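Trainee: Could you take me through one part of this model closely? I would like to look at a sheet and what surrounds it.

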Amino acid sequence: MAKEITIQLNDESLKVPSGITVKKALQLSGYKVTKFPEKEGLFVPCEVGGCWSCAVLIDGEPKPACRTLVRDGLHINTSLPEKHPPKRIIHGFTGHPVGGVGTPWRLKRVHTYIEVACFAAGCNFRCPQCQNWDITYNGKSRPMPPSEAAERLTVARKKFSVDRMAISGGESTLNRAWLIGYVRTLKSLNLDVDARIHIDTNGSILTKDYIDELIDAGMTDIGIDLKGCTTESFMRITAVKERGLAALYLSTAWKAVRYLAERYNDLIFTGVGIPYNAKLISLDEIGLIGKKLYEIDPKIQVCALDYRPEFKRFDLQKPSYDEMEEVHNVLKDAGLKTVICQTDRGHIGP
Ligand code: FES
């Protein structure tokens, strides 16, 4: 049986087993911990120490509750004072020659840097075929406030002589206070009309009010990855195991695409990403996705990504050019006007 220790939680003494995380200690004390942002409780979406959404004050310093272990005499305060800006682990800050799902197709044909990008650590998904897993699941680097990330990307913009500044991941939206602060600061440092602020996201927690806040802060372009249109495919692709949560994430992402198309079509560039690998999703489901997107907006840019053997899925085979051409045909047959397919021979254009 684990030894018991005493910690201070918001000035109350609490006995907990040694060797557990602060998150677990909070749960044992009856504190609510969530995987979807709610008004009450602590949002703990990534659990790798990357997003810092779960930061609480530990012995006077903000630290992620999901990765910090308790010890005897530890002081935890669940409300972060104003003087502590949100923090997050961010990598990259360099030129990007391809762009992301939210990059307009006409720019992808330029054979030079399209944008500068940074990558946020932490994700609420566990996609076994993740192509960016070394950044996504790295919770060890130094976290930075929004201002530092915005300043570094602004410097990179000048260095690479581009107008587009992107954040991808990992999942960029997990720490809302951080992302809003980052977009606002980036906007204030790049007031010229050519500056574009691009966010790539899985859309899983992107509610209407969050979208409104991002646009008010300065976001101009967004790419949303839709990991299927059935909960089964979504769970297979993302390894989110709780069915109710998976359904909530998937429906939130679809609603975000619809809201952007209906409310912000003239103001914001929206692109949609779709995964394809025959082991993960059927061509019939790709067709259904195409029809659903056509109903939302036939002109929305759709990019099908050939999911490759990476990370934990070396059993997957990279889809062939012919398979991706078939995906392209299925999406075009659904009536979509701008369909791009990533293949081992480059992109198949719209
Ligand atoms: S949930 Fe703790 S750092 Fe992301």
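Mentor: Nine strands form an open sheet with mixed pairing, in the order S8-S9-S10-S11-S12-S13-S14-S15-S16. This is a predicted model, in which local features need pLDDT of at least 70 and side-chain atom pairs count only at pLDDT 80 or more, while totals for chains, interfaces and linings use all residues. Residues are numbered from 1 along each chain as its sequence is written. Strands here are DSSP runs of E with at least two residues, and helices are runs of H or I with at least four, numbered from the N terminus. Two strands pair if DSSP finds at least two bridges between them.

At the edges are strand S8 (90–96) and strand S16 (346–348), each of which pairs on one side only. Inside the sheet, strand S11 (residues 196–201) runs parallel to strand S12 (residues 221–225), with four bridges between them. Thr201 is placed opposite Ile224 of S12.

Ile224 is also among the residues touched by Val272, as are Val101, Leu226 and Val257, leaving aside residues up to four places away in sequence. A contact means C-beta atoms, placed from the backbone, within 7 Å.

Val272 is one of the residues with the most contacts inside the largest nonpolar core, which has 95 residues. Such a core is a set of buried Ala, Val, Leu, Ile, Met, Phe, Trp, Tyr and Cys residues joined through C-beta atoms within 7 Å; buried means 20 or more other C-beta atoms within 10 Å of a residue's own. Helix H8 (residues 243–264) gives the most to this core, seven residues.

Technical notes: A residue is buried if 20 or more other C-beta atoms lie within 10 Å of its own, exposed if 12 or fewer, and partly exposed in between; C-beta atoms are placed from the backbone. Two residues are in contact if their C-beta atoms, placed from the backbone, lie within 7 Å.
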